[in-house]
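Biologist: I'm new to this one, so please pick a single part and walk me through it up close.

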Amino acid sequence: MAATVKQLQRIFTQYKILALLLAIIAIWAFFTWRTEGDFFTARNFSNLLRQMAITGMLAAGMVFVIIAGEIDLSVGSLLGLLGGVAAALDVFVQVPLPVTFATVLLLGLLIGMFNGYWVSYMRVPSFIVGLAGMLAFRGVLLAVTKGSTIPIESAGLVEFGQGYLPFMLGNGLAVVLFVVLALITFRGRTNRRRYNLSVAPLWQDLLRLALLGGVIAGFVVTLNSYQGIPIPVFVLLIILGVFSFVARSTVFGRRIYAVGSNLEATRLSGVNTRVVKMMLFGIMGLMCALAGLTTTARLAAASPASGNMAELDAIASCFIGGTSMRGGSGTVLGALIGALIMASLDNGMSMLSVETYWQMIVKGSILLLAVWVDVLSGSSER
Amino acid sequence: MSEYLLEMRGIIKAFSGVKALDGIDLQVHAGECIGLCGENGAGKSTLMKVLSAVYPHGDWEGQIFWQGKELKAKTIRETEEAGIVIIHQELMLVPHLSVTENIFLGNEITTVGGIMNYEAMHQRAQELMIELKMPDINVALPVSNYGGGHQQLIEIAKALNKKAKLLILDEPTSSLTRSETRILLDIMKDLKRKGVACVMISHKLDEIAEVCDTISVIRDGRHIGTRPMGELSVDQIITMMVGREIKNLFPREAHPIGEVIFEARNITCYDVDNPQRKRVDDVSFELRKGEILGVAGLVGAGRTELAMAIFGCYPGRYEGSVYLEGRQVHIRSPRQAVQAGVCLVPEDRKRHGIVPLLGVGYNITLSVQEKFSHFGVVDQSEEMQTIQRMIDSMHIKTATPVLPIKGLSGGNQQKAVVAKMLLPKPRVLILDEPTRGVDVGAKYEIYKLMFDLVKQGVSIIMISSELPEVLGISDRVLVIGEGQLRGNFINEGLTQEQVMAAAIGQAEALAA
């Protein structure tokens, strides 16, 4: 008995992503059964992903912050503020769309770095910096919107939140993605062989590629059978790709993990840990800007309440996705799957017309359970 | 009835399939002191954790008999109630609590309603301090007011307060000064007379020889032998531990020494909490190309602080200047130091050396990742090749380079940390206690590496509390005492007595 529990624990730790996928399948199966199939349609799938995109953007930034051993509570308010700025620029100032985008993204980066500056250079705990920002940014948003909703008319901005990629473009990108993945795999193999490192058997890599291809094809075909890939989902996928690459293959990415696992040892190795931390918060700010733009675009309006409690969803997604509470480990893909789980619960329960208060109770319980399973699997032990 | 106080039979403990202990036997009589020896990773600490129920009964195989009855403890509390108390290598005191509060932590004397009875506790703590010959300690003050040596003794007081019949000491002297070690060893002998048995894990064979009646050697999780102390020479013990003969502990090799390459001038460091107090007081010294400079002194003399100031990471205010090849270099952060060619292998491996969750390989390349990157993107194959080269050349024992470094033994972690600081190609390498908590075999390899480096023209500053090591390796020896430079000796015919006399400020008396 004890042995099987241990084995299960090992399998869970090794294939954490697999466990998360199983959870998603279980959740989807449950809702499909309860909604008599309405949940599992291309239309709902498209909606679900679009709902998830905003939390996903925040979670992608948040997972880096948490890996580095910090937390950012201000992201919900910052999302609201930057969404409000976007609306204000579009409606009151009436600047061209690219200028709105550039301004909001730059502003997000700078405000994020400002947060990071307080954390890393002024050494104020990130929890406090986040709390301060949560209050202050919401205050600025109320000032900008004068407490009322700003409706936008600019078709381009609305398209960013509500539009779809053309079918052919979606298909084309899927093919390109698959070719890139295949190239990466084979280039990795030749490189490893060149440096006399062990190479996995060819059939394993081929099987992996085939599975990935299947997932990509299924994804695109399903979405195209409705109206195509929603633009925010497309943006989120790009973020997933870029961030995973940053985490695995760049100096900056490695340092995030090193800083989170042992800040002092990393600093004494000659790494400028302060810059790393400040930039992390900068990236978080950038993600808030994207999420803010998407929110405003999707609702075709900026509301003074938008982004309320979004930080909690983002943080919960990271932890459900297996990010360690003590920093040092976690993945972007995990965090996004966490966000998908949260979005699936929201979506499914709404379809079943579950009361809002029940939805909150269920989501809270799931977070508690997910982290408990994580603790059981022993991955957070030092 | 068993004649033993403690008998462990056929202990087997495996971690995810790998046997750390493979059928160990150990017997202890009442009032007997056993020295437990073995290389790092041999299983000594694991065995003691089995005994003290850090690993509860059922987590391992075999039997433990305590005073003739089988002991099936599930928690540390149960073993402590039976009278088995372990004192870990890293001290387990709460720095902000008083000495008394620490001694009674978990066993507080209380009046009705759980109110702390400080009067009774202070009195008992005072008695324990007198018993341990430390009447000067104010038991009402926070533990952080006292140094490592005293803290170790406070741990022992805590154990005695629990009415320990068997005391397990894991590397008790690894952070103590000579005089503190002296006091500890005397107290252990004293306890023995009072019938307290003890198991002492230590790499310091002379200390084991002094206090222990019996010596038990384990290697690779197996019991190699248990003999009365008198029957074995130090050389024989080392041979049993490593399973091979090490003829010469210090592989000293001749190497050319060049011009002065590095200079530190007027380094002064002020205490972080008490800015009036100088931890390092106006120390200047020179270092030649290809030279090994040993820095001796008592623990707390200011040697580590001096190294930190040179490396730009001293936490408090400090002054002074550093010259490389005659030109002043500005070093105010570790980053600048590494770029200038000055590298430091810190004393506290766990806190300052390793990044526990990162793989062994990524730990090694941590300080030079830019070198493998093109526009911030790491060329992983190139990096992996360098990692493999370092792992091979430093003989780091690891299953794969991606294994998190926390899974390695102390000696292998240390080699990885040294490897990390070699990759930036330092001109001056500062090693702060490079062989602390490292087994004999790994020590030998580290010494050999140091000689390889100086032959290539690297200059080494080695801080060490072990005098035989300082004298066995260094070309020149600096002695620091109470923050001041107390001696600068060419290491020819230098004796431990001379160095020690300088360290405690008695050099003149000796000369006279």
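Modeller: Helices here are DSSP runs of H or I with at least four residues, strands are runs of E with at least two, and both are numbered from the N terminus. Keep in mind that this is a predicted model, where local features need pLDDT of at least 70 and side-chain atom pairs count only at pLDDT 80 or more, while totals for chains, interfaces and linings use all residues. Residues are numbered from 1 along each chain as its sequence is written, chains are lettered from A and ligands numbered from 1 in the order in which they are written, and side-chain values use heavy atoms, leaving out hydrogens and water.

Buried means under 20% relative accessible area, exposed means over 50%, and partly exposed is in between (1.4 Å probe, protein chains only).

Ala247(A) leads us onward, as Arg254(A) touches it along with Arg248(A). Arg254(A) sits in helix α11 of chain A, residues 251-261, and counts as buried because its relative accessibility is 4%. Leaving aside residues up to four places away in sequence, Arg254(A) also touches chain B, at Tyr362(B), Gln369(B), Val378(B), Gln380(B) and Glu383(B). Contact here means heavy atoms within 4.5 Å.

That takes us to where the chains meet: 34 residues of chain B are in contact with 29 of chain A. Together they bury about 2,600 Å², 57% of it on carbon and sulfur atoms; buried area is the accessible area (1.4 Å probe) that two parts lose on being put together, summed over both. The chains share two salt bridges, where a side-chain nitrogen of Lys or Arg lies within 4 Å of a carboxyl oxygen of Asp or Glu. Glu370(B) and Arg255(A) form a salt bridge, 3.4 Å from N to O. On chain B's side, the elements giving two or more residues include β20 (377-378) and α13 (380-393). The largest share, six residues, comes from α13(B).
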